[in-house]
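Please keep the sequence and the model in view while reading.

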Amino acid sequence: MYAPRGAKAMVKETIQESFRDRIATVDASGKRNWVYAQKPVGRLYNLRTAVSLGFFALFVTLPFIHIDGRPLFLFNIPSARFIIFGKVFWPQDFFIFGLTMITFVIFIILFTAAFGRLFCGWVCPQTVFMEMLFRKIEYVIEGSAAQQKLNKTRPWTAGKITRRAIKYLVFYLLAFVIANFFLSYIIGIKELYKIITEPVGQHIGGFTSIIVFSAVFFAVYAFFREQACTVVCPYGRLQGVLLDKNSMIVAYDYKRGEPRSKYTKKAAPDTGDCIDCLQCVKVCPTGIDIRNGTQMECVGCTACIDACNAIMDRIGKPQGLIRYASENGIANKETLHYSTRMKLYTGLLSILVILLGILLMSRKDIDATIMRTPGMLYQERGTDSVSNLYNIKIANKTIENIPLHLQLEDSNGRIEVIGSSTVPVKKEDESAGTFFVVLPKKWIRERKSMLRIGLYQGGKQIDVVTTNFLGPVTDEP
């Protein structure tokens, strides 16, 4: 049996537990709670600012870096052409690209299992642009979080309209710049330059893409904001699956902080260090209370750590009430360690990396496919020879034009390329050709014979392709 609780106690408990029913940016009626995050101040925020400056520098300089005439990175999805560290990948390399994606997913699992959402808080483009660029500009134009919240309730005066218009104008200009650089990772900086400098009519698709991307980025950073992390991003949704009690997270030390009490110079001996100042909540960009434990909305930005450390310094308590720790570290005072699960992920990741390395090392710069022309049988060449007609498709992944010479390997016969003695292949392009393989009848012993055709460039063999030769069966020795 237990004593009935009063109505006030039940309401208070309901409010405290409501974070389990919905995300922090949605109220009980389903409407959005706009987050006015207070600007953090502290060592970790300064470090994140430095990291973000490095991120911005990389973002705007990488499109200009070229290796052997190729961009360092290019993800041209419409043309199915990808360049990673100067190496071009075509649809023929899809299995390598697929394995790379699998390896990346395993890495994300391992990284999250070990370090939680460290990526989200420090180098995720959404967080970096939102917190280190757009929100800082918002502070300059519209004032602190408290001023912004107060301005929302004020009537629309000329000053309020002017500030809001300036903010949105600056936001759109930044979104436009970001959209241009984003597009340069898809089509290349040289193509982007053509869109910018040449008449719009010649690049309707590219110009439209810039306008669409600009509108999307503006909408995300001006209105959608933290909901990109809490509603859209699949990584945040997977956090509960990937994390365990040994993962490093931004955690509140409830053993040290509870029970909470308001600050007094002579605190009661049975109270914790948390003085319920709510500073950790005020600086949170997703509006959560980190004291409720690990939550999906937490992006690990460390703003609450800086805020809490500043309060602990003021009241003469040691820092670290909110800190990087694991659940076991808080509950059992365990240090962060490499768990068995992490070791298994590491082993699997190592195998995939080795396999991927082998595939990349053995990857050919010339990919050729040879197929006998469908629907055609062999052709008699006089009384002593038989020919088959073949089609060849070649992908040249190099930056040089290559005239390919075809030659039979381990067979007596000859190859007759239609229209030329070689198959010309342009740089970074695909080409096709047609040729005959002519064999003496006396060398044909089976209905289908295996042929090995060598591809030569200037006398150097660069590949060997196998195919079948269809001919009559002869009994001649």
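Two strands pair if DSSP finds at least two bridges between them; helices (H or I, at least four residues) and strands (E, at least two) are DSSP runs, numbered from the N terminus. This is a predicted model, in which local features need pLDDT of at least 70, side-chain atom pairs count only at pLDDT 80 or more, and totals for chains, interfaces and linings use all residues. Residues are numbered from 1 along each chain as its sequence is written, and side-chain values use heavy atoms, with hydrogens and water left out.

Q: What makes β15 and β16 a pair?
A: Strand β15 and strand β16 (residues 460-470) are joined by 10 bridges in the antiparallel sense, and pairing requires at least two. Within this pair, R452 stands opposite T466 of β16. Two residues lie between the strands of this hairpin, where G458 has a positive phi near 60°.

Q: How do you know that β11 and β15 pair?
A: Five bridges link strand β11 (residues 402-409) to strand β15 (residues 448-457), and the two run antiparallel. L408 has I453 of β15 opposite.

Q: Why are β3 and β5 said to stand at the edges?
A: The open sheet has three strands in the order β3-β4-β5, paired antiparallel. β3 (73-76) and β5 (87-89) each have a single partner strand, so one side of each lacks a neighbour in the sheet.

Q: Why is R225 called buried?
A: Buried means under 20% relative accessible area, exposed over 50%, and partly exposed in between (1.4 Å probe, protein chains only). R225 has a relative accessible area of 1%, and is therefore buried. R225 is placed in the loop between α9 (204-224) and α10 (227-232).

Q: What makes the link between R225 and E138 a polar contact?
A: A polar contact is a pair of N or O atoms within 3.5 Å; within protein, one must be able to donate a hydrogen and the other to accept it, and residues adjacent in sequence count only if both atoms are side-chain atoms. The side chains of R225 and E138 are joined at 2.8 Å.

Q: How do you know that the span of α7 is close to the expected one?
A: The expected span is 1.5 Å times one less than the number of residues. Helix α7 (residues 158-187), with 30 residues, reaches 43 Å from its first C-alpha to its last, close to the expected 44 Å. Just after α7, G188 takes a positive phi of about 100°.
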